[in-house]
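Below is a briefing on one chain, grouped by topic. Please keep the sequence and the model in view while reading.

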Amino acid sequence: MTVGRKVLFAIALPWTLTVSYPYVLLAVCLGFARDLRWHPGGVLTATWRTWWAKIWHFSTTVGKGQIFHPSADRGAEDSVDTRLEFHEQRHDFQVEDLMLLSLLLGTICLIGGATLVQAAILYWSGGLFQIPNFLAAGLRYGPAEQEGLEDKRSDLKRLTDNMYRQSEHERSAYAQTDLIGEIGGHDVSWDEIQRASVAYRKGNLKAWIADNL
Ligand SMILES: [Zn+2]
């Protein structure tokens, strides 16, 4: 981990220790998940047990605590290497961003006369700052049908689906890790397009494609 990554890890720690890790550990202890693993960046993961995955169909990330669907394509134990793992990693990074924001807000409030406890609660609450994204997506899209699909689901189902899928943090994670283009006959993600454009500017795109795609 770089120094910067370590700083972000430390800033996110109040949320990680009180919410992210307990979420994964409790799910395992209570029999909802299995297969505890550590990943780079201090990320603790597990896999939903099959019975629970039939009820809850999603891989679910809470900062540095991530629980994957049993059908998820996962790579080696100690690395982050599949598209889904990269997707969940974006959510981890988003929580780090929010904890940095809440630390700054807490500090400003402390300087402005708030008590240490009030400032600390504001700092800790940074992990909750994604919740307004869901509400905003619900207000923005309502129960709108997905374009081009004949959508027979109830309004409530479409609304909750839009709140989840159309939230800006979810759209960002999908956009960065889904295959959204093609280079040299290979489907590529946003990240790969960025790296390919660097290789192109350096004049070694062909070699980059051979090595990476
Ligand atoms: Zn996601």
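How many residues lie between β5 and β6 in their hairpin, and which residue in the turn has a positive phi? The hairpin of β5 and β6 has 2 residues between the strands, and the turn residue with a positive phi, of about 55 degrees, is Gly184. The model is predicted. The chain has 213 residues, of which 25% are buried, and its secondary structure comes to 9 helices and 6 strands.

**Overall dimensions and contacts**

- The C-alpha trace spans about 60 × 50 × 35 Å along its principal axes.
- Among contacts in the chain with a separation of 6 or more, 46% are between residues 24 or more positions apart.

- Strand β5 covers residues 179-183 and strand β6 covers residues 186-189.
- The two strands run antiparallel and are joined by 4 bridges.
- Leu179 stands opposite Ser189 in β6, and Glu182 stands opposite Asp187 in that strand.

**The four-stranded sheet**

- An open sheet of 4 strands has the order β1-β2-β4-β3, with mixed pairing.
- The edges are β1 (33-39) and β3 (60-62); each has a single partner strand, so one side of each is left without a neighbour in the sheet.
- From one strand to the next, the twist averages 20 degrees.
- β1 and β2 run antiparallel and are joined by 5 bridges.
- These two strands, β1 and β2, also form a hairpin, with 3 residues between them. Gly41 in its turn has a positive phi of about 85 degrees.
- Across this pair, Ala33 has Trp48 in β2 as its bridge partner, while Arg37 stands opposite Thr45 in β2.
- β2 and β4 run parallel, with 4 bridges joining them. In this pairing Ala46 stands opposite Ile67 in β4.
- For β2, 6 of the 6 residues are buried, so the strand is largely enclosed by the rest of the structure.

**Residues of note in the edge strands**

- Asp35 is found in strand β1. Its phi is positive, about 65 degrees, although Asp35 is not a glycine.
- Asp35 counts as partly exposed because it has 15 C-beta neighbours inside 10 Å.
- Thr60 belongs to strand β3. With 18 other C-beta atoms within 10 Å, Thr60 is partly exposed; a buried residue would need 20 or more.
- Thr60 and Glu88 are 28 residues apart along the chain, and their C-alpha atoms are separated by 8.0 Å.

**Nonpolar cores**

- The largest nonpolar core has 12 residues: Tyr23, Val24, Ala27, Ala33, Val43, Leu44, Ala46, Trp48, Ala53, Val62, Ile67 and Phe68.
- α1 (3-29), β2 (43-48) and β4 (65-68) are the elements that give two or more residues to this core. The largest share, 4 residues, comes from β2.
- A second, separate core has 7 residues, including Ala12, Trp15, Val95 and Leu98.
- Leaving aside residues up to four places away in sequence, Ala53 touches Trp48, His69 and Pro70.

**Packing of α1 and α3**

- The axes of α1 and helix α3 (residues 83-111) come within 9 Å and cross at roughly 80 degrees. That angle makes α1 roughly perpendicular to α3.
- On the α1 side the contact involves Leu8, Ile11, Ala12 and Trp15. These meet Val95, Glu96, Met99, Leu100 and Leu103 in α3.
- Which classes of residue make up the contact of α1 with α3? The contact has 8 nonpolar and 1 charged residues, and no polar ones.
- Ala12, Trp15 and Val95 take part in the contact between α1 and α3, and these residues are also among those of the second core.

Note on methods:
Residues are numbered from 1 along each chain as its sequence is written. This is a predicted model: local features need pLDDT of at least 70, side-chain atom pairs count only at pLDDT 80 or more; totals for chains, interfaces and linings use all residues. A nonpolar core is a set of buried Ala, Val, Leu, Ile, Met, Phe, Trp, Tyr and Cys residues joined through C-beta atoms within 7 Å. Two residues are in contact if their C-beta atoms, placed from the backbone, lie within 7 Å. Two strands pair if DSSP finds at least two bridges between them. Axes are lines fitted to C-alpha atoms, for helices over the stretch in contact, and angles run from 0 to 180 degrees between N-to-C directions. Angles under 35 degrees count as roughly parallel, over 145 as roughly antiparallel, 65 to 115 as roughly perpendicular and the rest as oblique. Ala, Val, Leu, Ile, Met, Phe, Trp, Tyr, Cys and Pro count as nonpolar, Asp, Glu, Lys and Arg as charged, and the others, Gly among them, as polar.
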